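Subject: Structure handover

Hello,

Here is the structure I promised to pass on. Please have a look, then read my notes below.

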Amino acid sequence: MARPSSTSSTASSLAALVVAFAVASLAQPGAADLKLNYYASTCSNVETIVRGVVQQRVQATIRTVGSTVRLFFHDCFVEGCDGSVLIESTPGNQAEKDASDNKSLASEGFDTVRSVKAAVEAACPGTVSCADVLALATRDAISMSGGPFFQVELGRLDGLNSTASSVPGQLPEPNQTMDQLLAVFKAHGLNMSDLVALSAAHSVGLAHCSKFANRLYSFQPGQPTDPTLNPKYARFLESKCPNGGADNLVLLDQSSPAQFDNQYYRNLQDGGGLLGSDELLYTDNRTRAMVDSLANSTDAFYKAFADAIVRLGRVGVKSGRRGNIRKQCDVFN
């Protein structure tokens, strides 16, 4: 068989690189436009402004932390990190915010972004996007509650569309299998390590009883309670969520509910994951080792979470004609 010429080999290699680059670009459109200190010459004190407002909101209510973090996650997983989850519905359009999967997003997150955006607009009108405001507010809420401080890449534009119909199937669900969870993350350019690290967002915040009641009362025929639940914890949850009772709110982490920390992973080791998707991280052999590693080292947890949330912040970024900078986060310009 004739040996291919160096010219044809080089051409093939270049073609492969072009294809790989194109695939990567499709996976993270606009991410190349993000950079640190993006507003250095246009709104140099933006991070100071954001941090000051977030600190006030966190001091007013600890619910600010979990609500803001969850808002960022729900924004990025649907149409990318473009602030589209912040848009209010109108008579002619049901927005993402009112999709069934987003109905439980707490008002404290929206209020925080609204307050931060107003302060930023007062200092630097028409300069900083709502998507970037949400990304910065999320970082600050995390670091102010004991989590890692990390540099936030900036330069996102706000999305031009927000529809409830775009939400179904885009978010991880509490009763999904590991394969289903991994598929959701893969569809957004994220991997198994990102899944384990980002799940630590459940170290703060609350969940409705309806999100885990099946683990208490209808797990499977002949076995109403999920056997992976710590029995003592199961009895506690039954007291908070009586069968057929009100859809109450329960702390995701009973041990350190106001701290963004790796206690979340130690809870999993003890059968104390509230959602089925939480405990699955420990019962599935593919992810257990990473749970153990993050449970045993705060430094490892900080690094893994910071790396993962930076990658999440690159998902579906809008640039050019695909976005703009909203004057007000809940309405299109």
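Which residues have the most contacts inside the largest nonpolar core? They are Phe72, Phe73, Leu198, Tyr265, Ile309 and Leu312. That core has 74 residues. Bear in mind that this is a predicted model.

Take Leu198 from that list. Neighbours within four places in sequence aside, Leu198 is in contact with Phe73, Phe185, Leu190, Phe305, Ala308, Ile309 and Leu312. Another core lies apart from the largest one. This other core has 13 residues, including Phe212, Leu229, Ala234 and Cys241.

Next, the aromatic rings. The whole structure holds nine aromatic pairs. One of them joins Tyr264 and Tyr265. Their ring centres are 5.0 Å apart, with 80° between the planes, and the pair is edge-to-face. Tyr264 is buried, at 3% relative accessibility. Tyr265 is buried too, at 0%.

Tyr265 also pairs with Phe301. Here the centres are 5.9 Å apart and the planes stand at 70°, so this pair is edge-to-face. The two residues come from distant parts of the chain, 36 residues apart. Tyr265 is in helix H10 (residues 263–269), while Phe301 is in helix H13 (residues 298–312). Phe301 counts as buried because its relative accessibility is 0%, and buried means under 20%.

These rings belong to a cluster. Ring pairs link Phe260, Tyr264, Tyr265, Phe301, Tyr302 and Phe305. Phe305 is also one of the contacts of Leu198.

Now a pair of helices. H4 covers residues 107–123, and H5 covers residues 130–144. Their axes come within 10 Å and cross at roughly 115°. The crossing is right-handed. On the H4 side, Val113, Val116 and Lys117 take part in the contact. They meet Cys130, Val133 and Leu134 in H5. By class, this contact has five nonpolar residues, one charged residue and no polar ones.

Last, a single residue. Where is Ser67 placed? Ser67 is in helix H3 (residues 63–77). Is Ser67 buried or exposed? Ser67 is buried, because its relative accessible area is 9% and the cut-off for buried is under 20%. Leaving out neighbours within four places in sequence, Ser67 is in contact with Ala106, Glu108 and Gly109. Ser67 and Arg286 are 219 residues apart in sequence. In space, 29 Å separates them, C-alpha to C-alpha.

Best wishes

Methods: Residues numbered from 1 in each chain as written. Predicted model: local features only at pLDDT ≥ 70, side-chain atom pairs only at ≥ 80, totals over all residues. Heavy atoms only, no water. Axes fitted to C-alpha atoms, helices over the stretch in contact; angles between N-to-C directions. Helix = DSSP H or I, 4+ residues; strand = E, 2+ residues; numbered from the N terminus. Left-handed = near helix turned anticlockwise from the far one by under 90°. Contact = heavy atoms within 4.5 Å. Nonpolar A, V, L, I, M, F, W, Y, C, P; charged D, E, K, R; others polar. Core = buried A, V, L, I, M, F, W, Y, C linked by side-chain atoms within 4.5 Å. Buried < 20%, exposed > 50% of the residue type's maximum accessible area, 1.4 Å probe, protein only. Phe/Tyr/Trp six-rings, centres within 6.5 Å; stacked < 30°, edge-to-face > 60°.
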